[in-house]
Amino acid sequence: MKIDSSLSAPQLPESLSQAGLQFTVATEEDFDDIMAMSQDIYGGLDYLPTRYSSWLQETNRTVILARKQGKVIALESVCVIDEGETMLVEGLRVAPQERGKGVAGVLLRFCSELVKSKYPEVKVSRLTRDDQLGPKDFQKYRIITKQGILLVRFRAEDLKRRLSDLGGGESQPASASLPKPPPVRLDQSAVRRLFLTSDLMRGVLPNATIIQDWQPFKPVPGNMAILMKKDIDWMVDDASKPSVGSLCTFPFRVPIGEDWYYLNIDMFGKDLDLVRQQFLSHLQRHTATLKGHIMCQMFLDPPLWKPMADFCRHALSVELVKEYTEQCVVESDVM
Ligand SMILES: CC(C)(COP(=O)(O)OP(=O)(O)OC[C@H]1O[C@@H](n2cnc3c(N)ncnc32)[C@H](O)[C@@H]1OP(=O)(O)O)[C@@H](O)C(=O)NCCC(=O)NCCS
């Protein structure tokens with residue numbers, strides 16, 4: 001989305017233009033100001049420091065800043081996906097001293113007007129939230145799908161030792177059921193075949209949605225092109241008849257401290273043994289070369305949260321960072 005760096009939206013309702021905010025397209029030079037207002041965000045697990053530069057390069061994305069007397073006080077990113085039908089809202093944040101005054105609401109509406117004017121074919125707006133939705137939100141949004149969030153923390157070296165005690169990630173899960181063949185890692189052509197040209201993943205994905213690290217995508221060619229550019233391990237139990245599929249986003253640094261990494265695993269499907277097996281396999285693969293602390297976040301079918309939390313605590317001896325929370329993909333019409 002190519003637009004001028006200083007933005008005005010003539011179609012903006014008067015109440016918004018009266019809010020005393022200016023809107024600009026974010027640039028590399030704004031990085032420090034954005035980080036300064038983001039310090040407390042997501043308990044130190046903010047992905048934006050790692051993603052910011054690449055976000056600015058993405059042709060289907062715009063990062064918008066709200067400024068008050070020239071000072072950056074809020075950010076939102078909008079990205080057009082689903083073959084142009086959906087505007088995906090991400091990164092929303094308001095400077096701590098400006099919260100609770102309606103700034104987020106104004107910025108959301110500004111971005112929506114902007115996208116509408118540039119992309120009249122956009123029909124819906126989607127975003128993923130992990131906070132408690134209230135009655136006002138339910139008036140605004142339809143729920144597309146929900147995943148439980150299991151957040152655990154460990155040192156890479158400790159986990160490696162634990163995994164080797166257990167016999168390695170590719171081996172059998174700790175369960176009494178029949179042995180299962182190891183999971184299959186998919187190459188790009190297998191991913192396309194499975195997700196685009198067959199209906200096999202339909203029954204596995206929640207509401208036909210591939211959620212990758214908080215981004216909800218419909219399984220369509222344009223989205224696959226976006227996903228294929230990312231560092232992701234795609235896995236299924238059986239490529240000819242999958243019951244469980246998972247996407248592991250390669251670990252990236254987070255600002256919580258030196259040598260802290262974030263590892264995200266999006267898990268789809270309901271079979272506990274297969275989920276456990278793919279989880280172990282991703283852990284095995286991605287902790288092999290890491291040193292330091294890892295925050296590992298797994299998104300999974302809500303009923304599997306409890307047994308997987310027990311497995312993490314007791315079999316893997318890793319620390320549970322928080323109790324059950326939810327990742328909720330919501331949608332509203334762009335009018
Ligand atoms: C969440 C946050 C952006 C809200 O900012 P705010 O300026 O205090 O919010 P407002 O005063 O505008 O009031 C809430 C409005 O924002 C919307 N909103 C609140 N939280 C939201 C969220 N997580 N995602 C999308 N919209 C949200 C509300 O629906 C409401 O919209 P409305 O004006 O159409 O009713 C702010 O508290 C913040 O920066 N928190 C830390 C970062 C964070 O948690 N971001 C959410 C990422 S999903």
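The protein is divided into two parts, domain 1 (6-122) and domain 2 (145-333). The structure is a predicted model. Taken over C-alpha atoms, the centres of domain 1 and domain 2 are separated by 29 Å. Nine residues from domain 1 and 14 residues from domain 2 take part in the contact between them. On the side of domain 1 that touches domain 2, four residues are nonpolar, two are polar and three are charged.

A record also bears on this part of the chain. The UniProt annotation "domain: N-acetyltransferase", from an unreviewed entry, covers residues 21-156.

The largest nonpolar core comprises 77 residues. Strand β4 (residues 71-81) gives the most to this core, contributing seven residues. Both domains take part, since at least three residues of the core are drawn from each of domain 1 (6-122) and domain 2 (145-333). The residues with the most contacts inside the core are V78, L150, M267, V275, M298, L300 and M308. For M308, when neighbours within four places in sequence are left aside, the contacts are with L150, V275, M298 and L300.

Y42 lies in the loop between α2 (31-37) and α3 (48-57). The phi of Y42 is near 50°, a positive value in a residue other than glycine. Y42 counts as partly exposed because 15 C-beta neighbours lie inside 10 Å. D82 is placed in the loop between β4 and β5. Although D82 is not a glycine, its phi is positive, at about 55°. D82 has 19 other C-beta atoms within 10 Å and is therefore partly exposed, given that a residue counts as buried if 20 or more such atoms lie within that distance.

Key
Residues numbered from 1 in each chain as written. Predicted model: local features only at pLDDT ≥ 70, side-chain atom pairs only at ≥ 80, totals over all residues. Core = buried A, V, L, I, M, F, W, Y, C linked by C-beta atoms within 7 Å. Buried ≥ 20, exposed ≤ 12 C-beta atoms within 10 Å, placed from the backbone. Helix = DSSP H or I, 4+ residues; strand = E, 2+ residues; numbered from the N terminus. Domains from an automatic or database assignment. Contact = placed C-beta atoms within 7 Å. UniProt positions renumbered as here; feature names shortened; annotations may be inferred. Nonpolar A, V, L, I, M, F, W, Y, C, P; charged D, E, K, R; others polar.
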